[in-house]
Structure formats: C-alpha cells, structure tokens
Amino acid sequence: MTSATDIAPHVGDIRADLELDAVVLGAGVAGLYQLHQLREQGLRVRAYEAGSDVGGTWHWNRYPGARFDSEAYIYQYLFCEDLYKDWSWTQRFPDQPEIERWMHYVADRLDLRRDIQFSTTISSAHFDEDRGRWTIRTDRGDTIDTQFFITCGGMLSAPLENVFEGQDSFRGEILHTSRWPKEKVELAGKRVGVVGIGATGIQVIQTIAEEVAHLTVFARTPQYVLPMKNPTYGRSEQTWYKRRFEELRDTIPHTFSGFEYDFEHAWADCTPQQRREILEQTYQDGSLKLWLAGFAEMFFDEQVSEEVSEFVREKMRERLKDQQLIDILVPTHYGFGTHRVPLETNYLEVYHRDNVELVGVRDNPIARIIPHGIQLTDGTVHEFDLIILATGFDAGTGALTRIDIRGRNGRSLAEDWSRDIRTTMGLMVHGYPNLLTTAVPLAPSAALCNMTTCLQQQTEWITDVIRHLREQGKSVIEPTEEGEDAWVAHHDETANATLVTKTHSWYMGSNVDGKPRRLLSYIGGVGTYRKKCEEEAAAGYPSLQKS
C-alpha cells in the first residue's frame, strides 16, 4: 500500500507540491472512513482538514450541552466488529467530549493521522479537462495534483455567523455554537443572550440556564420537542448492545432513517385508542422514535399530521402551563416532523426560572446588534455581556460553495447551485468529472437520517465506483446529463409527495436568503436509497460516463 509522497509534477505552468490519486476534504465521520477505504485500495490519498484534529462536527461543535441525539451504539462504524466492540459508551446519548474521544480512537486505531493535513482549508479545486485531473489549492499555499476530489465536508458545517447588522460593534463577546472555543468560556455571573431555538440552541439553553446570572432567549420559529431519556451505561448495557453487532449491522442500513427502529404500524389499521397507545409508547421511549418510527402517514396526510402534531403540542402545553410561553414555543403553523425534531432534557421548564426571559421575535425581529446588546425592530434594547448565536447553517451546499470549485469549461459549482441545486444521487455532479461527494443535496443526510449509516454507505459507493473505473482502465467518470435529470426528477417527485416541501426550514434552504428552494435531503428512505445505489452499481453505472 502506497501513501502520499512529495512528487512535484507540473500542472500547466504551475509546479504542484504533491501528486495524489485522491484528495479527501474533511476528517469527520465520512472523511476518516473514506481515507481508510482508499488507502486499503492502494491509492495515494491525503485528507485535508480545516480543524486542528479529527472529528468534523464533533471537533467544531463543543458548545455547552452538545451531545448525540442518535443512540451511541448505532452512531458507529459497522464495517469492523473489533472497532465497534473495543469502544464502550458510558451513556445512551453521550456528550461532545466523549464523542470526540471516540473519533480520536477511530483515527488512531486505523492509523489515519499520517495521511491527514490539519489546520488546512481547501480554497480552490479546478478540473483540467486536457489532463483529466484536479488542481487543488489550500490556504497554506499547497498545490496538489490529483485524479479524484472527494468531498466529506458535512451537511451542517457552513455556519451562518454574520447574520446581524452591527455585530462588529458589540463590546462583549459573540460566539457561534459551531465555532465554540476549546478554552473554557466563563458564563457565571454574566448576562447572556441566545439567538435561536433549534436543536443546538435548545441544548445550550437547557445547559447554561443555571450557570448564568440572566439568560434571554430570542425565539423566532417554535419547535416541536421530544424529551430525551439518557441512562448511564455500565458493563451490562455495553455487553447488551455489543452482542447485537451483527443484528445492527444487517438491519440499520435498510430502515427508513438508518436508525434501529422503523415504522411498524399503519394509521388506517389502528383504532383511535390503538393510535393513542402507539403515540404514547413511542413518545415515552425518550428518543426520536415517535418521529422516525411512529406513523409514516404523518409525512403525507394532513389529517394524520394534525393529530400527531396535536399530541405533541398537548405534551408541551402540559409542561409549559403559561399561555405566553405556549404562544411563543408551541408550533401551530407546520406539522410535527416536517422540521428537524430536537431532543431535550427539562428544556421547557427552563422558561419558568426567574433568571430566564423569553423574547418572541417572529413579529418583532432583531434589527441589529449594538455595542451593549441587541436591538429589536420596535427599538427595544436588551443588554448583554455575551451573545450566543445558534443561527444555523447554509446546509448541504455551504461546505462546497464556499470553495472555488470549477469543472468543465470553468463552470463554477457555487454559481450553478445558486441557480438550481442538482446532483446525481448526491454522489456526483454533472459537469464536474471525478468529483465525488458525500453529505450534499439529494442524498439522505442530516434530515431523517442517522449520519453514520448514510455516510458509510455513500463512502463505500464512492470507493466501489473508483475501483470499478480503475479495473476498466478508465481515468475519468462523470454523470450524464440524462442520468442527473432522472435522479432530480425522482427526488422531486418523492419530496413533493410529502408535507415537508410545504414548510419553511433549513430542510428546504429557506433559512438562507436567495437559496434555490428544493428539499436538500432525499426523503424516500435510507433503505430505498441504498437499493437504488446498489442497482446503479450492479448495472455498470449507466447514469455515469467513463473515459
């Protein structure tokens, strides 16, 4: 097996520092496994990671309260039984420090660090049609000549940081949750404002409320929430899930969401009493089961959606009690499950604390940040020592559109996706040969998908298509226009049959001004998507052209 070596070829008039078979963008869940697979295939490959260590999401998102909302024993690599069983989780839903240690364990166990360049951002990637290769440049001045460019940048890795006028004027500190510093942030005794009540904001809010002097939460879009039950795992629990390795390996990749549970009941086959019992049972599981294994009809049928939504609203109202809190925090204008569903621990009860203030900004938005705090549109000012932005991401596309990626005839991926977000199975893009992608639009990713399940499948497909190309003695592969058209049409037909496309959320790109509207994640099911990818491979990749 060869590894990356300094060869210094000429790329046009430019002398490259390194010649590789493949460059991998990112060293998170997908990037680590992709690097491992391509090395095993004998390719000269190197990963480039903007962070100072491995982990991806779990390197960057170290804000207070960050933790899994997938059960730890399924948020795992399933390609190696020993790798799986030699790590023991201490909770059902572990926190960020433990998850980061697991990522380090994987990198060290597979000896991956020697082929990762850290603290390096890929700034541009240009395809040379004459040579059939990519020229990659980094912010550290590296120039790399490579046959394949494989992106593992993550679905939620491009934060929306500069979202308010006047942020630079604030005299205190502004932190975005996904760029939280490694050093301890002193919160005790401070007046803190949190902007955003999505999944991340909720974790922060419920965690810091007891520590800060005063907490003000700015809430725009209310969220349906489910309570998290997070027992500690000792030796018996660890033995229990490790004994299930083969079962989990064989079933998880074929469920609707890539979780261990799946939809078992049809709404029409159940009496009203049975429906209520199933809702109660899945709600009490303390996981995402109500969302991902309750009743599939809630994604398609407005009446079912309303009944399930009202069930969750009822649970939330019982805990909130106060009508003003209910009006701001309980959703009524969209259905349960059509937005990302957060798990929480005593989150709603936080708003009953004397040191917590809830400010609804749906009808009175934040106008600007001023030197001493936040000013609303009506002129109201809230003063702070620290502002925390849980303002989300440019999901799906942002990781790549922030890089100057150019394909055939110099076409720009950022410009193409600014007009219309298109991919072939979320794995390649027409017009960009030898560009292979994970966690981008039109594949299952982040939304309705356990990320490790989906990313393992996507990287394995990429590994197989590269092997296929090399075995055929070909060097360039690219989706046909017809193949991409067919996938986009299938994706849209599947998406438009659901209620999800009728909402406004980051699922639809609605949180980014000017972003083309399309459901970013494939919603036909993880198992269905896997089957379609397998069919494409078994047929010899008819949607792709090889040369």
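1. Let us start with a definition: a residue is called buried when its relative accessible area is under 20%, exposed when that area is over 50%, and partly exposed in between, using a 1.4 Å probe and protein chains only. By that rule Arg313 is buried, because its relative accessible area is 5%.

2. A word on what you are looking at. This is a predicted model, in which local features need pLDDT of at least 70 and side-chain atom pairs count only at pLDDT 80 or more, while totals for chains, interfaces and linings use all residues. Residues are numbered from 1 along each chain as its sequence is written, and side-chain values use heavy atoms, with hydrogens and water left out.

3. Now find Arg313 in helix H10; helices (H or I, at least four residues) and strands (E, at least two) are DSSP runs, numbered from the N terminus. The Arg313 side chain makes a polar contact with the side chain of Tyr224, at 3.2 Å. Such a contact is a pair of N or O atoms within 3.5 Å; within protein, one must be able to donate a hydrogen and the other to accept it, and residues adjacent in sequence count only if both atoms are side-chain atoms. Setting aside neighbours within four places in sequence, Arg313 is in contact (heavy atoms within 4.5 Å) with Tyr224, Glu306, Val330, Pro331, Thr332 and Tyr334.

4. Next, see how H10 (residues 302–320) meets H8 (residues 272–284): their axes come within 11 Å and cross at roughly 55°. Axes here are lines fitted to C-alpha atoms, for helices over the stretch in contact, and angles run from 0 to 180 degrees between N-to-C directions. H8 and H10 are therefore oblique to each other, since angles under 35 degrees count as roughly parallel, over 145 as roughly antiparallel, 65 to 115 as roughly perpendicular and the rest as oblique. On the H8 side, the contact includes Arg276 and Leu279; on the H10 side, Val308 and Phe311 are among the residues.

5. Most residues other than glycine have a negative phi. Lys321, in the loop between H10 and helix H11 (323–329), has a positive phi near 65°. Ala439, in the loop between strand S20 (435–437) and helix H14 (451–471), also has a positive phi, near 55°.

6. Are these two buried or exposed? Lys321 is exposed, with a relative accessible area of 64%, whereas Ala439 is buried, at 1%.
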